[in-house]
Amino acid sequence: MDAPDRFRPLLRAGARFSREAAQRPILTFEDVFKSYREGAPVLRGMNLVIERGEFVFVTGPSGSGKSTLLRMLYRAEAVDDGRILFLGRDVARLRDDAVPFLRRNIGVVFQDFKLVTSWSVYENVAIVLEVLGLPQRLIRARVGEALERVGLAGRGEDPAGVLSGGEQQRVAIARAIVGEPALLLADEPTGNLDPQLAIDILGLFEEINDSGTTVLFATHDRTLLEVRARRIVVLDEGKAIDVPNGIATDEYDNRLPL
Amino acid sequence: MISVSTTRRARRGMVREWRLHALSVFSLAVAFVCLGASLLVVANLRVVEQRWAHAGRASVYLKDGATQDEVDALRSALARVPGVTGVHYVSSGDARVQFGQTQLESTAALAGLPVEAFPASIELDVTPDLPDADLADMVGKMKQLPAVDDVETYQAWTERLARLVRGGVAASGLLALVVLAAVLAVVGSTMRMALQRRKTEVEVLKLVGATDGFVKKPFVVEGSVQGALGAVGAVGLLAVLFVVVRGRLDGELAALVGVEPTFLPWPVVVGMVALGGMLGAIAALASLRKLVAV
């Protein structure tokens, strides 16, 4: 039975279908404020709505709050004011002991991969399912599928520390998707990769998005924004500016701070 | 409950940080050796105490001037006392011979002693279950007899041994507190170091939705294993020392106190190992109160 303070999304896999819940956005930011220093807020009354199944780039200059926005979503940072609704629940008001259950619904990929380099590829990916308490047989099958999706089939036994940067990022992506999260966050995932590898990794995120997972991709790499006509959210002066069809289209307003 | 994942992560942590864990186990073994040695002394003192408490013997020392008629009368009277199962007369000469047989090294020196140095006695076999009050009453009555000089029931020795055992138990209790402090300090430090070295692992676990309990379990298992291994190491070390010492002193100790030295009883050994495991787990848990914040 669920603990009373668990994170319970209003619509999730296996739950009874609710038309009303299914029509709500997956993510809503309402007047979100966040400040690390007094008088210098990073986000000041930010509003943003992300629909289910969207692929959204989050961009902006350094210090504009891209990482902060993502970190608030999985509650690595507290929200000073406002609401962040994820699957209908206000993330900002979750109790500390409910945070692990929130994180089980969100996959996160980092610029520095955050792999345990002394573990094998398999172990790095399987840990997500071990946390969920799945039986080993099922874990083996699902880890195998995830590694195959990121192009690392048969590499499970390799130590994660000996892989190349691109391969390590693929392992990190496999770890992020193996639990079949509703939302995938990528915090500058191509920052440590060469341009071609960065585009390959972006392609991988797009494939994951095609299977229905909502993706928030934070980057300051303009090249990536130019190669794909995707929705872009630009963070500037603590507010979100929406570019619905991306800068690869004619609609792009050159006055945006990119 | 300890899952497969917990066991595997704990084993992996111990294998990877084996030097750190080995040092910790060694430190704990030293602490447990102190406790084990104290318990070993207490266990042997208790055996001696029990042996003497149920010796079932009393010696009635006769005055130098006691006549043969008085001795015979006393023997037949003592044989009829309830609780007395045997009566043996030992003359001064017999006493010297018997003493010489148990103290071979000093036979030459004894040859110079006069026969009077060994008083004649009547040795009584008493039923081991004779109540202390009845024995004291019997001793009181015997001391009134004109031919009797003194009566030795070895009760004083038993009481002295009992006091020693009580002292040993108290000392063991204090040592147990020292061991507790040592385990908390050693396992706590080891766990904090292990946590520092495995910071990324903890960070990843928390990011993928692991509860604090899930993160802590392998560390608690590692602490428990360290404590238990420390106790096992201490028992092993004590066993080796015991075998070495027993090989050299066995005969002398048996002649002196009437019993052979014994090693720690199994329940004590199991108890020490369980205590080590439990203290290790508690120490690990206490040191992990604040995990890496993510």
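Which residue in β4(B) is the bridge partner of Ser59(B)? In β4(B), that partner is Glu152(B).

## Basis of the model

This is a predicted model, in which local features need pLDDT of at least 70 and side-chain atom pairs count only at pLDDT 80 or more, while totals for chains, interfaces and linings use all residues. Residues are numbered from 1 along each chain as its sequence is written, chains are lettered from A and ligands numbered from 1 in the order in which they are written, and side-chain values use heavy atoms, with hydrogens and water left out.

Helices (H or I, at least four residues) and strands (E, at least two) are DSSP runs numbered from the N terminus. Two strands pair if DSSP finds at least two bridges between them. Axes are lines fitted to C-alpha atoms, for helices over the stretch in contact, and angles run from 0 to 180 degrees between N-to-C directions.

## The sheet of chain B

Chain B has an open sheet of four strands, ordered β2-β3-β1-β4, with antiparallel pairing. Its edge strands, β2 (84-90) and β4 (148-152) of chain B, each pair on one side only. On average, neighbouring strands of this sheet are turned by 20 degrees against each other, direction ignored. Strand β1 (residues 57-62) of chain B runs antiparallel to β4(B) and is joined to β4(B) by four bridges.

Helix α3 (residues 68-79) of chain B lies across β1, β2, β3 (121-126) and β4 of chain B, and runs at about 165 degrees to β2(B). Helix α6 (residues 132-143) of chain B also packs on the sheet, touching β1, β2, β3 and β4 of chain B (contact: heavy atoms within 4.5 Å). The direction of α6(B) makes about 165 degrees with that of β4(B).

## The sheet of chain A

In chain A, four strands form an open sheet in the order β2-β1-β4-β5, again with antiparallel pairing. Because β2 (40-50) and β5 (89-90) of chain A stand at the edges, each with a single partner strand, one side of each is left without a neighbour in the sheet. Helix α2 (residues 66-73) of chain A packs on the sheet and touches β1, β2 and β4 of chain A; the direction of α2(A) makes about 115 degrees with that of β1(A).

Strands β1(A) and β2(A) pair in the antiparallel sense over eight bridges. They form a hairpin with two residues between them, and Gly39(A) in the turn has a positive phi of about 85 degrees. Within this pairing, Val32(A) has Met46(A) as its bridge partner in β2(A), and Ser35(A) stands opposite Pro41(A). Strand β1 (residues 27-37) of chain A is also joined by five bridges to the antiparallel strand β4 (residues 81-86) of chain A, where Leu27(A) stands opposite Phe86(A).

## Salt bridges

Glu54(A) lies in the loop between β2 and β3 (55-59) of chain A and Arg231(A) in strand β9 (residues 231-236) of chain A, so the pair ties together parts that are 177 residues apart in sequence.

## The interface of chains A and B

The contact takes 20 residues from chain A and 19 residues from chain B. About 1700 Å² is buried between the two chains, of which carbon and sulfur atoms give 62%; buried area is the accessible area (1.4 Å probe) that two parts lose on being put together, summed over both. Arg103(A), Trp119(A) and Glu130(A) supply 30% of the area that chain A buries against chain B, more than any other three residues.

Three salt bridges cross the interface. Among them, Glu203(B) pairs with Lys114(A), the closest N and O atoms being 3.3 Å apart. Helices α3 (99-103) and α4 (121-132) of chain A each supply at least two residues of the side of chain A that touches chain B, and α4(A) gives the largest share, five residues.

Methods
A salt bridge is a side-chain nitrogen of Lys or Arg within 4 Å of a carboxyl oxygen of Asp or Glu.
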